[in-house]
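Work through the two exercises below with the sequence and the structure at hand, and try each task before reading its solution.

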Amino acid sequence: MTATITAALAGNPNCGKTTLFNALTGARQHVGNYPGVTVEKRSGNVKTDTASMNVVDLPGTYSLTAYSPEELVARDFIVDERPQVVINVLDATSLERNLYLTIQFMELGAPMVLALNMMDAVKKQGKTIDVDKLSTLLGFPVVETVARTGLGKNALVQQAIAFARQKEKTWQPLHISYGPVLDPILNDMEEVIRESSFMDQRFPSRWIALKYLEEDEQVLKLGEASGAKGHQQLKTVADKAKEKCFTTLDVGPEAVIADFRYGHIASMMKQGVVKGDTTHQRIHLSDKIDRVVTDQFLGPIIMLATLYGIFYITFPIGEIPMGWVEAFFGWLTNAATAIIPESLLQSLVVDGIIGGVGGVMGFVPLIMVMFMAITILEDLGYMARMAYMMDRVLRMFGLHGASLMPFIISGGIPGGCAVPGVMAARTLRSPREKLATILTAPFMNCGAKVPVFLLLSAAFFPDNAARVMFVITIISWVVALLVAKLLRTTVIKGESTPFVMELPPYRIPTLKGVLIHTWERAWQYMKKAGTVILGISILIWAAMTFPGLPDESANTFQEQRTGVEATLAAGTTDQQRSALEKDLMAIDNAEAQAALKYSVAGRIGSAFEPVSKLAGFDWRTNIALLGGFAAKEVIISSLGTAYSMGDVDPEASEGLGARLANDPTWSRATAMSLMIFVLLYAPCFVTVAVIGRETSWKWAGFSVVFNTSLAFTLSVIVYQIM
Amino acid sequence: MSNTINLREMQVNQTGIIKSVGATGELGRRIRDMGLVPNTAIRIVGRAPLKDPVALRLLDFTITLRNNEADFITVDPTGE
């Protein structure tokens, strides 16, 4: 019987932590969320002959402050879960800065094992690191690793397990000197904390004192909530210390603390930990690449080319497996139609379940290919460069340079999809900018809206179809940016989050990392399709099916049909025959139209007509828009049914277009107004579900109500003016 | 005393030693977390196409910050 050891994997972003995690745990990973926040929690198991280790991958952070949910999560996990060992992954090529986080873990007292990662890059730079010396100086085992190749991972696991057993339950917080001004104050504060046994069950006493000096929000709040008199005492001392720091050192206590932490690291480094070429004048390969890639003129061109490249690659590639998925669901439809006798049940299974879920599953290959491209760009380090180049523009709208990618993927270049777009906003580390990005990305011209625009622009603006498409795309960008600005000055008001960001060196992504990442996202999406979307599909099917036509109308259609069939059976020429078959089809279509109008959806559509007339929409359009909430692809097929055109293939909708163009109730104004509405109204249900997952259901609801109101207002304006 | 200048005023490829970091609160913390503390040697490696943000190289890595964030940092220039 071996006890399971819990290990926390911690480190800076871009230090290769995720790659190491993948190397350690392989594909046996569990992905969830930390309670109450949308920070992803990954864990996985590592088994050796003698022990089993549960590795929890903490979010990558540079520090352990209370400013970002990632940092809080990492800190709380260490303090509350008390893992037996913390595996601190460091990018050995920038050892000093990486040790800054290490020092903070040491101040918490967690038993640690260091993984000096990217040792291959260190060697390439002509440097050597004295591992034994570093280990002695820190008092922890230090293991050299190369996560990409898996080098050193077994040694790391063994060291971590051995150290966890040896160190069991003893936490030794590190005390470093914070200089002549702060040291005496810290000692006084520690005394106060010990005397009143103030929160010191949870945190080391010196650490609490430091956090009071740093004015750490979480700790101050906890202190106040505890109601202990120690809190006021400590605050008074901290305020005095702040004054003293400003008068004697001209900076705040937090700056002094940071200086001494770096000083502590520098003094260790001075003892000859790193040897070799340590001058920073050496031009690295990444710098050379950046000279071109972020060049004033070439940079934007390369960026545009890359973005277009993604689309030109992902769509043709994605379409191949998409065809397989569609073929599979087509086969399933045929099989179900053959097995289940014609009935409501058949309609439910075929149109409701298979049609609904199949429509959503059809996107899976596209999402996978798209995410593969994003993961590659991100792991490569190019994503950070795009954020760097675009920040100046996007900042004007209260966004962040990294908002570009979610916009583009959502359809900033027509043809994207808001589902992976919203998911891509995860790379944004600024909460307000991220929320504004997620809420505005669905305005983009996604691949499911495009057929609607193609249909309407071809039918109503035959000479200018391409120009209309271009204008629609421009409108989507303008609205998204202006709404972002509006949100950032109203409901998501607040200072922009500091941009300070690392430009990581360019690195070739690992196949394993790309595959794991891509699969995970696709799997999350599929799970959603299997649950929420299944329910919604059935609901929409029911709304468009019930109540069925009353018997008398159904009989009327049946009589008409029997009449035609009788003539057909009487034997006629081929010509008459085909004319009669057309008549039959027309009767079927007319019945479908009548049934749709009679259904709940039809009644809702009719009920909204008085209002929607303002924007030029009659009950037929209303039904299509209602269906479009499930998936925008449904708009054209519902319009087809409502205009008794039978099943309309969105890829070949000329017939419907001609029908609309000749309809007296339709005009260019109607078409334009509908295009604006489709572009901007409520995101499809899958996107809403993803928004809910990435933010909260409150914001998901907001996006439905707000986007629809905005779309309607603009449509009415367009319709009334044109 | 050398002529201390603001980080925003530095030219591409210019080098210098950070003299002071005046930012407080979250921005201050983030700047320090990234290793931008007094006595650190830096070199401006580039500016974004619209001249903002700025990219600078520290000892072993490159970071970017916006001009209005760079305003809090003063530097002693050491050369081209």
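A polar contact is a pair of N or O atoms within 3.5 Å; within protein, one must be able to donate a hydrogen and the other to accept it, and residues adjacent in sequence count only if both atoms are side-chain atoms. This is a predicted model, in which local features need pLDDT of at least 70 and side-chain atom pairs count only at pLDDT 80 or more, while totals for chains, interfaces and linings use all residues. Residues are numbered from 1 along each chain as its sequence is written, and side-chain values use heavy atoms, with hydrogens and water left out.

**Exercise 1.** Describe how domain 1 of chain A and domain 2 of chain A are held against each other by counting their polar contacts and salt bridges.

*Solution.* Begin with the bounds, which come from an automatic or database domain assignment: domain 1 covers 4-166 and domain 2 covers 179-274 of chain A. Next, count the residue pairs in polar contact between the two domains, both residues at pLDDT 80 or more, which gives 7.

**Exercise 2.** Find out which backbone oxygen the side chain of A:Gln346 reaches, and whether A:Gln346 is buried or exposed.

*Solution.* First, the side chain of A:Gln346 reaches the backbone oxygen of A:Thr337 at 3.1 Å. Second, the relative accessible area of A:Gln346 is 12%, and A:Gln346 is therefore buried (under 20%, with exposed meaning over 50% and partly exposed in between, for a 1.4 Å probe and protein chains only). Finally, A:Gln346 and A:Ala336, 10 residues apart in sequence, lie 7.2 Å apart in space, C-alpha to C-alpha.

Conventions: Chains are lettered from A and ligands numbered from 1 in the order in which they are written. A salt bridge is a side-chain nitrogen of Lys or Arg within 4 Å of a carboxyl oxygen of Asp or Glu.
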